[in-house]
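I opened my notebook with the structure on screen.

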Amino acid sequence: MVDPPGSPVVVRTSAARRAAPWRTSRPILPPAVGGWRGVALGEWSLEGGWLRDGHPHDEITYVLAGELHVTVGAVTEVLGPGDTILVPGGQAARYEAPVAARMLFVYGPNPTGAPTTEFAEGPCPDRGAH
């Protein structure tokens, strides 16, 4: 998307898509293939599931509803509606919603387009092994 400096950007997005039985996602301002200088924004949810990923860019997660457990290194934070966590670029995080959680994510700049460094997901232990 190329716009003159200072132009407003309006994005109309479609409904969330089911990415796994326990996860949905909906890009709002999707990251550009090949890199981006601004931010990327999206909505996602977990229901009885977990996801682990690492990015070269900063990732901010804002909890809209539910309870989200986020582990970075040896530290686990339990977040609720209105809570925000920043996972610095280069670190992996594990996100888990034992019941359900809905979040917004904001990705910081990634001008080189470096890829996600790791990715895994699955159901919470009471829904199956991970």
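I began with a term: a nonpolar core is a set of buried Ala, Val, Leu, Ile, Met, Phe, Trp, Tyr and Cys residues joined through side-chain atoms within 4.5 Å. I also noted that this is a predicted model.

**Entry 1: the core**

I looked up the largest nonpolar core, and it has 21 residues. I asked which members touch the most other members. They are Trp 44, Leu 46, Leu 68, Val 70, Ala 93, Tyr 95 and Met 103. Next I checked which strands supply at least two residues each. I found E3 (40-54), E5 (68-72), E7 (84-87) and E8 (92-107). E8 gives the largest share of this core, with seven residues.

I then took Trp 44 and left aside its neighbours within four places in sequence. Its contacts include Arg 23, Thr 24 and Ser 25. Leu 51 and Thr 61 are also among them. So much I could list quickly, but I also wrote down Tyr 95, Ala 101, Arg 102, Met 103, Leu 104 and Phe 105 as contacts of Trp 44.

Val 99 is in strand E8. Val 99 is exposed, because its relative accessible area is 67% and exposed means over 50%.

I then looked at the partners of Glu 96. Its side chain is joined to that of Arg 94 by a polar contact of 2.4 Å. Beyond four places in sequence, Glu 96 is in contact with Leu 46, Gly 49, Trp 50, Glu 67, Leu 68, His 69, Cys 124 and Pro 125.

For Val 99, the list beyond four places in sequence is Leu 46, Glu 47 and Gly 48. I also checked Val 99 against Thr 24: they are 75 residues apart in sequence and 14 Å apart in space, C-alpha to C-alpha.

I moved to Glu 43, which is found in strand E3. Glu 43 is buried, because its relative accessible area is 15%. What does its side chain reach? I found a polar contact of 2.7 Å with the side chain of Arg 26. I found another, of 2.8 Å, with the side chain of Arg 102. Setting aside neighbours within four places in sequence, I listed the contacts of Glu 43. Among them are Thr 24, Ser 25, Ile 28 and Leu 64. Met 103, Leu 104 and Phe 105 are on the list too.

**Entry 2: strand pairing**

I followed strand E4 (residues 59-66) next. E4 pairs with E7 in the antiparallel sense, over four bridges. Which residue of E7 is the bridge partner of Glu 59? It is Val 87. E4 also pairs with E8 in the antiparallel sense, over seven bridges. There, Val 63 stands opposite Met 103 in E8.

**Entry 3: a glycine in a loop**

I found Gly 80 in the loop between strand E6 (75-79) and E7. Gly 80 is buried, because its relative accessible area is 14%. Beyond four places in sequence, Gly 80 is in contact with Val 63 and Gly 66. I also compared Gly 80 with Gly 113. They are 33 residues apart in sequence and 31 Å apart in space, C-alpha to C-alpha.

**Entry 4: spaces**

How many cavities of 30 Å³ or more are there? The count comes to one. I noted that the largest cavity has a volume of about 30 Å³. I listed its lining as Asp 53, His 55, His 57, Glu 59, Val 87, Pro 88, Gln 91 and Tyr 95.

I turned to the pockets. The largest pocket has a volume of about 470 Å³. It is lined by 22 residues. Nearest its centre lie Arg 23, Ser 25, His 55, Phe 105 and Tyr 107. Strand E1 (17-20), strand E2 (23-29), E3 and E8 each give two or more residues to this lining. E2 gives the most, with four residues.

Technical notes: Residues numbered from 1 in each chain as written. Predicted model: local features only at pLDDT ≥ 70, side-chain atom pairs only at ≥ 80, totals over all residues. Heavy atoms only, no water. Buried < 20%, exposed > 50% of the residue type's maximum accessible area, 1.4 Å probe, protein only. Contact = heavy atoms within 4.5 Å. Polar contact = N/O pair within 3.5 Å; in protein donor to acceptor, adjacent residues only side chain to side chain. Pairing = 2+ DSSP bridges. 1 Å grid on protein atoms, 1.4 Å probe; cavity = no way out; pocket = protein on both sides within 12 Å on 5 of 7 lines; lining within 4 Å. Points joined across faces, edges and corners; volume = space filled by probe spheres on them.
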